[in-house]
Amino acid sequence: MCPNSAHFLERLPMTDIIDIHTHTIASMHAYSTIREMAAAAKEKGLALLGISDHAPALPGTFHELFFHNFKVIRPAAYGIDLIMGAELNVLDHTGAVDLPEKALKKLHYAIASLHDLVIAPGSQE
């Protein structure tokens, strides 16, 4: 990086173009529907919205079947590019997650997270 590039980058405004770590009312701590979130994303000028509700191991979330039913969602109906995913819970030190491969294949993407309600913090030792 040239000496002046850091100063130049500080003056550039940051523009969000995608948001793929979002939760709907299907997650226990969010309060909007897919339709409401898509409208807000479109209003903010996002090019892509990803819905990544929590997978079943986190208390208060839906069963695995929720993630199998994404075929009924018509992304074109929302006026913004929409992808459907899940925020998976890492269950153990091997990296096992709480959705089986069959469900994962129904998703556009997945985020793997460590939530202390699912796995205790610490090391394997």
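Let me start with a word we'll need: a residue counts as exposed at over 50% relative accessible area, buried at under 20%, and partly exposed in between, with a 1.4 Å probe and protein chains only. Hello everyone! What you see is a predicted model, where local features need pLDDT of at least 70, side-chain atom pairs count only at pLDDT 80 or more, and totals for chains, interfaces and linings use all residues. Residues are numbered from 1 along each chain as its sequence is written, and side-chain values use heavy atoms, with hydrogens and water left out.

With that word in hand, look at Lys105 and Glu101, which are both exposed. Their side chains meet in a salt bridge, 3.5 Å from N to O; the term asks for a side-chain nitrogen of Lys or Arg within 4 Å of a carboxyl oxygen of Asp or Glu. The structure holds one salt bridge.

Now to the sheet. Strands are DSSP runs of E with at least two residues, and helices are runs of H or I with at least four, numbered from the N terminus. Four strands form an open sheet in the order β1-β2-β3-β4, with parallel pairing, where pairing takes at least two DSSP bridges between two strands. At the edges sit β1 (18–19) and β4 (109–113), each pairing on one side only. Strand β3, residues 81–89, runs parallel to β4 and is joined to β4 by five bridges. Ala86 stands opposite Ala110 in β4.

Is Ile18 buried, partly exposed or exposed? Ile18 is partly exposed, because its relative accessible area is 44%. Thanks, all!
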